[in-house]
Every structure is written in structure tokens, then in C-alpha cells.
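User: I would like to learn how to read a few local features of a protein model. Please start with the terms and then go to the case at hand.

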Amino acid sequence: MTRIGIIGGGISGLTAAFTLEEHRRAGALEYTLYESSPKLGGVLRTEHVDGCIVEAGPDSFISEKPWAADLCRTLGLGDQLIGSNDADRITYILVRGRLIPMPDGLMFMVPTKILPTGFSPLFSWTTKLRMAQELFHPPRAADADESVASLVERHYGAEMVDRLADPLLSGVYGGEAANLSVRSVLPRFAEMERTHGSLGRAMLAARKKMPRPANQPPAPLFTSLKNGMQQLVETIVPRLNQASLLTNAPVESIQPRTGGWSVSAGLKSEHFNAVILALPALAAAKLLSNCSPELSSELGAIGYSSSITVGLGYDQGVRQSLPPGFGFLVPRSEGKRLLAATFVHNKFPHRAPDDRALLRCFFAGSNAENIWQLSGDEIVAIVRTELQQILGLRAVPLFARVYKWKSAMAQYGVGHLDRLARIDRLRQQLPGLAFAGNGYRGIGVPDCVRSGHEAAKQVLNL
């Protein structure tokens, strides 16, 4: 009987187990999943507070990436999928203390409509001139990877990095544009520069080629679940073999053995034909430090960022006083600690009753580390002070929840894809080993689902 060990019970590990489950039921294999904490699901955690659905971790996933939605449909959750309220989608950028709406026609920081961008107070006339000149950039084949900031500044100037690229990427990766790899984070941009030169021309050409089904509204930008992201965990876990799921079971060591791997957790060691490490790369590095120091070193070089999410509930008066739209982003040059805030009641109206406002505030990277040791009440006080400065919001929240995620967001630094190639080469020297999680080829929930599924397929092909 083939035996497979899965280390890590976040959505990557759970997806790997779900992929293996049909083979277990057919009698082809057994698996054991180890989770160090008391709960399965990792950062997918939802609270129901005062009629509001409050997300501790990610509140949704990008609809363009199909893997999470496909898993939901496979689990029978297709009718539970909900889309963001894109008809009311406005995102503001804080500039010199004022909230400025992002102009229409910006496709992830690339301007595609002249008039809205030209009249927007978000950009200086110098940057607007750079945008016009950018349309004439010749194709350019880069010899090596570079930072997102480097590419964006070359096309549009430093102001675009400060006011758009950095805030947008901080909200997704919790990192800075100056440190993130273009080829890993925005591979489409690198390819557009190679083929068209101008990002603006390339984006316009791509938009013309997009099929437009008649009488069919565009797909929502974000997708979530009616009862919160934890609904995915609560649905997938009962579909697994309960005897195979071990919580409060931190794995202390793994060692390659003849025909497989030995996994030690507590006082017990188990032998497996293959092992899936569905862990942050730093944790995987520690487990592999003895059997492959070189592989461990490469994994350990993948950086991680911490984040803090604060959920705040308010009454109807606050809801009516807030600006329309999805929320705002804060450039680092504004000198605030807050990086972003989402008006959840607008983005996903079903997340809060009609007489409630639900705000989700976000810190990451050094902004999170600088307040990490503070109590929840102290962090809420910082949020309230900055919301007062930005929105004029003085009301006392009806409830507040603070969630801290230590080293949870992988940082794809310059050269990340080259590192992954080295990791894969070294992994192949250790038969029966596979990796899954957000440390490799995508940080979002769909990417984690895909990585868990592919890791399971990989060990099934041994």
C-alpha cells in the first residue's frame, strides 16, 4: 500500500489531501496530514459578528484564476460563490491627505483612456506627459529579471511607483515594488514590454482581442463565498478521511529512507513513500536542513512578510457618511502606518446588514512589524486615529477584531524564478518529495489550490 504524508493543513495541504482522497477510497493508497495548530484551514478563517461576516485572512480571490472556484464547484459550493459589486467599484489613493479616485481606464496601473487620466488630480503633469510618451516605447527584451519598481519607473516615472504600483502590490503581497520580481509578480508586463514596448499599447491591443459575449455582463473582479472563506475549509474537511487528519501534530523532522521518507511528529515516526511539504518555504527549509543543506538554503532565501488585519463594525450613520466605492490605498510617502482599508459593505454587500458599515484595515511588511508587539486595543487605537485623519471618522466602532499573521505572505524577490528552477533541480535529487503553498508560483487562494493539486498529482506519478 502506497503511503503519502502531507505536512501542513492550510488550503494547499487540504487540496492535496482531497486530490488523494478518491485514490484512498479506491484502495490505492493511504495518506496522513499533519497540522501543527489546533485548526485546519490556515489563514482561511471567518467570524460572524453582529450580523457581519468578518474575514481574518483573505476576503476573496481573483476571479480570473479558476482553480479555487473550480474546487468550490467540485465540492458542491457553486451556488455559494458570490462576485464583488463591481458596478460600485471605486478605489481611492491618499495623496497629500486627500482621497483621490483612481481614474477610469487604469488596467492595473496602465492607463488606457486618455481623458479620465488626463483630467485626474492623481498624477502630476510631468507624469501625464510620461504616459503620453510611453505609447511610443519600442519593444525591449530584458536580459535579466528586475524589480516591478524598476520597470514601472522606466515607463511612467517614480510618481507612478509611489502612488500606484507600490500601494497596489502592498495590498496583495504585503511587500514593496522595489523588492518584488517583475517576472514572478507581473509576468504579463515583462512579456508586453518584449512584444510591444509600450505597456499602454499592449494593453489596448489585448483589450481589443478579448471576446465580448453578447448580453453577458463581465465576470466580477473578485469572488468569495456567501458565508465567508472558511466555508471552503468547512466543506472540504468532512470530505476527507477523518482518521488521516492530525491536528496539534507539529512535525519535528523528516529524513529520506530507502523507498521513501521517515516523518517524526512527537514520539512517533511514520514511513511514507512520498511527502508533500505544504508549508511556508521557511518551515520547509528547516525540515530539510539535515538531508539537503543546499535545498534548505534556497528555500530559506524566499522572503516572507507579516500582516495585521483589523475588522471594524459601525452603525448606519457611519455607512451613510463614508464615500462610495471599495476603499482606499495609502502610498508609503504619506507617512501613515495603515496601508489600505476596504469598505466591505460596498465590495460585498451581503457581508453586512443594511444598517451596518464593515471596514477591513490592513498593515503589512515593516508597517506591521513596527506595531506587532502592541496589544489589540492599541492597534485599534492607531487604526481609529488614522481613519479620523483620512476619512474624518470619529465614531466609536460597535466591534473590533484584530488578526495577526506572522510571516504569512511570500515575497517573490528579483531572481525568484531562477531560484525556483534551482529548487526544482535539487528536489529531483530527493525522490518522493513535493512542495505546495504560496511560496512558489502564486500567493493567492487559487494559486495555493493549484499547488496542492499539482503536488498530489506529482506524488501519484511516482
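Analyst: Helices (H or I, at least four residues) and strands (E, at least two) are DSSP runs, numbered from the N terminus. This is a predicted model, in which local features need pLDDT of at least 70 and side-chain atom pairs count only at pLDDT 80 or more, while totals for chains, interfaces and linings use all residues. Residues are numbered from 1 along each chain as its sequence is written, and side-chain values use heavy atoms, with hydrogens and water left out.

User: Where is aspartate 50, and is it buried or exposed, or partly exposed?

Analyst: Buried means under 20% relative accessible area, exposed over 50%, and partly exposed in between (1.4 Å probe, protein chains only). Aspartate 50 sits in the loop between strand 3 (46-49) and strand 4 (52-55). With a relative accessible area of 40%, aspartate 50 is partly exposed. Its phi is near 50°, a positive value in a residue other than glycine. Arginine 96 also has a positive phi, of about 50°. Arginine 96 belongs to the loop between strand 7 (91-95) and strand 8 (98-101) and is exposed, at 69% relative accessible area.

User: Which residues of helix 9 are buried?

Analyst: An α-helix has 3.6 residues a turn, so residues three or four places apart point the same way. In helix 9 (residues 199-209), Leu199, Gly200, Ala202 and Met203 are buried. Seen down the helix axis, these residues fall within an arc of 160° (taken from the directions from the axis to the C-beta atoms), so they line one face of helix 9. Lys208 and Lys209, on the other side, are exposed. The cover over the buried residues includes helix 4 (125-134), helix 5 (148-156) and helix 8 (187-195), where contact means heavy atoms within 4.5 Å.

User: At what angle do helix 4 and helix 5 pack?

Analyst: Axes are lines fitted to C-alpha atoms, for helices over the stretch in contact, and angles run from 0 to 180 degrees between N-to-C directions. Helix 4 and helix 5 pack at about 90°, with axes 8 Å apart. Helix 4 is therefore roughly perpendicular to helix 5 (65 to 115 degrees; under 35 is roughly parallel, over 145 roughly antiparallel, the rest oblique).

User: What does the side chain of histidine 155 make a polar contact with?

Analyst: A polar contact is a pair of N or O atoms within 3.5 Å; within protein, one must be able to donate a hydrogen and the other to accept it, and residues adjacent in sequence count only if both atoms are side-chain atoms. The side chain of histidine 155 makes one with the side chain of glutamate 134, at 2.6 Å. Histidine 155 is in helix 5 and counts as buried at 1% relative accessibility.
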